[in-house]
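Take a walk through this model, one region at a time.

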Amino acid sequence: MPQKIKASIAYGIGKGFAQPEEIIIDDPIGAEVLVDVQASGLCHSDLHLVEDDDKFFPFPAVIGHEVSGIVEAVGPEVSGIKVGDHVVASLEQVCGHCANCLKGQPQSCTQQQECVRGEGEKPRLSFPDGRPITQAFGTGGFAEKALIHENQLAVVNNQVKWDEAACIGCATITGAGAAINTAHVRPGDTVAVIGTGGIGLNIISGARICGAKRIIAIDLLDNKLEFARKFGATDVINSKNEDPVAKVRELTDGGVDQAFEAIGLPATMKQAWDMLGVGGTAYPIGLTKPDATVALEINPADLLVHQRGFKGVWMGSTNIKHDIPMYADFAVDGRLNMHDIVSQHIKLSQIDEAYKQLVNGEVIRSVITEFD
């Protein structure tokens with residue numbers, strides 16, 4: 001039977017997140033899994049979507065894509081996930097059988113629509129009067145329960161803490177995944193990370209796990225830079241006080257092997273390019289505003305000689321069924337620092353306040369753990 005649940009709804013651009021209200025969640029059909037949400041992280045991307053960008057989904061919507069919880073029920077086509085399992089969700093929607101999925105690039109799936117209900121099917125979420133509510137990215141984690149396709153869920157060990165597990169579903173796979181899967185950081189490499197929020201800190205963690213010899217963290221706030229040292233940063237640069245490109249090139253005798261931009265600003269993407277050494281690659285990861293563009297002045301001959309690259313990253317090139325359980329194991333045995341990612345636990349009613357704290361640099365990740 002469909003259930004009544006509490007959820008925070010986003011009603012449109014610039015309207016923030018409404019106070020929790022009662023909505024209806026349907027029963028699982030097909031390959032859907034009903035998850036009793038235990039924790040839901042506040043990623044900066046969700047704030048971006050309700051402030052600046054309406055091209056991803058229609059409003060009203062239940063947002064939130066960093067989700068961990070317990071499986072309450074499964075649809076008749078679900079295999080590999082059972083009632084009682086501890087799971088972590090991802091906004092990465094994967095069909096499992098398109099050409100990209102079959103060649104090991106699920107983050108580039110071309111049939112993502114298979115993970116959501118189609119036209120003519122009953123909506124997963126609705127108002128009590130029957131009006132549909134969008135479940136953003138097929139997750140809708142700012143709610144007591146979520147109805148998610150099994151291909152967007154990974155079963156994890158039951159020792160990982162709920163709040164840390166939730167953050168693994170986006171911050172970790174995007175950040176650590178960029179270093180491990182996309183850039184293939186190697187032992188002895190030099191790395192620069194621009195932006196030390198949840199994504200940037202996980203890039204640092206991933207680079208440390210890979211054995212980078214020098215990891216340079218760049219930000220505007222000294223408190224965040226010192227915090228980055230906990231995750232493996234060997235050097236820090238406050239770009240408010242000095243030119244980060246010049247300093248990086250000085251520290252590395254000519255430039256880094258990999259530069260990661262985790263903010264989403266054209267100016268810092270350009271900096272990532274400029275701080276590369278011979279054979280280096282810049283990886284823009286941050287979500288930009290809808291009309292943003294980045295311009296690189298490239299001399300083709302210089303490009304060939306210096307062999308530099310500029311490569312976009314989506315969700316850390318992640319295979320969620322493999323990578324999320326691995327990161328959960330790393331979090332439990334101490335190889336991945338997830339404890340310090342979580343700044344505070346909040347109620348479902350405190351989303352707007354927590355996002356203000358995030359914008360002001362007061363927190364890294366706020367995680368919802370109370371949903372009533």
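A disulfide is here a pair of cysteine sulfur atoms within 2.5 Å. The model is predicted, so local features need pLDDT of at least 70, side-chain atom pairs count only at pLDDT 80 or more, and totals for chains, interfaces and linings use all residues. Residues are numbered from 1 along each chain as its sequence is written, and side-chain values use heavy atoms, with hydrogens and water left out.

A search of the whole structure finds zero disulfides. Two cysteines show why. The closest cysteine sulfur to that of Cys-95 belongs to Cys-109, at 3.6 Å, which is too far for a bond. For Cys-98 the closest is in Cys-101, at 3.7 Å, again too far for a bond. Cys-95 is buried, at a relative accessible area of 9%. Cys-98 is buried too, at 7%. Buried means under 20% relative accessible area, exposed over 50%, and partly exposed in between, with a 1.4 Å probe and protein chains only.

Now the sheets. Helices (H or I, at least four residues) and strands (E, at least two) are DSSP runs, numbered from the N terminus. Two strands pair if DSSP finds at least two bridges between them. Strands of a sheet pair through backbone hydrogen bonds, either parallel or antiparallel.

S1 runs antiparallel to strand S2 (residues 21-25), joined by five bridges. Within this pair, Lys-6 stands opposite Glu-22 in S2.

Strand S6 (residues 86-89) is covered on both faces. His-86 and Val-88 are buried on one side, Val-87 and Ala-89 on the other. Strand S5 (residues 66-74) runs antiparallel to S6, with three bridges. Strand S10 (residues 153-155) also joins S6 through three antiparallel bridges. Val-88 has a residue opposite in each of these strands: Ser-68, and Ala-154 in S10.

Another open sheet has six strands, ordered S13-S12-S11-S14-S15-S16, with parallel pairing. Its edges are strand S13 (235-238) and strand S16 (309-310), each pairing on one side only. Strand S11 (residues 190-194) pairs with strand S14 (residues 256-261) in the parallel sense, over four bridges. Here Val-193 stands opposite Phe-260 in S14. Helix H7 (residues 266-274) packs on this sheet and touches S11, S14, strand S15 (276-284) and S16. The direction of H7 makes about 155° with that of S15.

Next come the helix pairs. Axes are lines fitted to C-alpha atoms, for helices over the stretch in contact, and angles run from 0 to 180 degrees between N-to-C directions. Angles under 35 degrees count as roughly parallel, over 145 as roughly antiparallel, 65 to 115 as roughly perpendicular and the rest as oblique. Contact means heavy atoms within 4.5 Å.

The axes of helix H3 (residues 162-182) and helix H9 (residues 320-333) come within 9 Å and cross at roughly 105°. H3 and H9 are therefore roughly perpendicular. Among the contact residues in H3 are Ile-168, Thr-172, Ile-173 and Ala-176; those in H9 include Ile-324, Tyr-327 and Ala-331. By class, this contact of H3 with H9 has nine nonpolar, four polar and two charged residues. Ala, Val, Leu, Ile, Met, Phe, Trp, Tyr, Cys and Pro count as nonpolar, Asp, Glu, Lys and Arg as charged, and the others, Gly among them, as polar.

Helix H1 (residues 44-51) and helix H10 (residues 351-359) have axes that come within 11 Å and cross at roughly 110°. That makes H1 roughly perpendicular to H10. His-44, Asp-46 and Leu-47 of H1 meet Tyr-355, Leu-358 and Val-359 of H10. These residues divide into four nonpolar, one polar and one charged.

Finally, the backbone. Most residues other than glycine have a negative phi, and most peptide bonds are trans. The peptide bond from Phe-59 to Pro-60 is cis, with omega near 0°. Pro-60 lies in the loop between H1 and strand S4 (61-62). Gln-307, not a glycine, has a positive phi of about 55°. Gln-307 sits in the loop between helix H8 (300-306) and S16. Met-315 has a positive phi of about 55° and is not a glycine either. Its loop runs between S16 and H9. Are these two residues buried or exposed? Gln-307 is exposed, with a relative accessible area of 52%, whereas Met-315 counts as buried at 5%.
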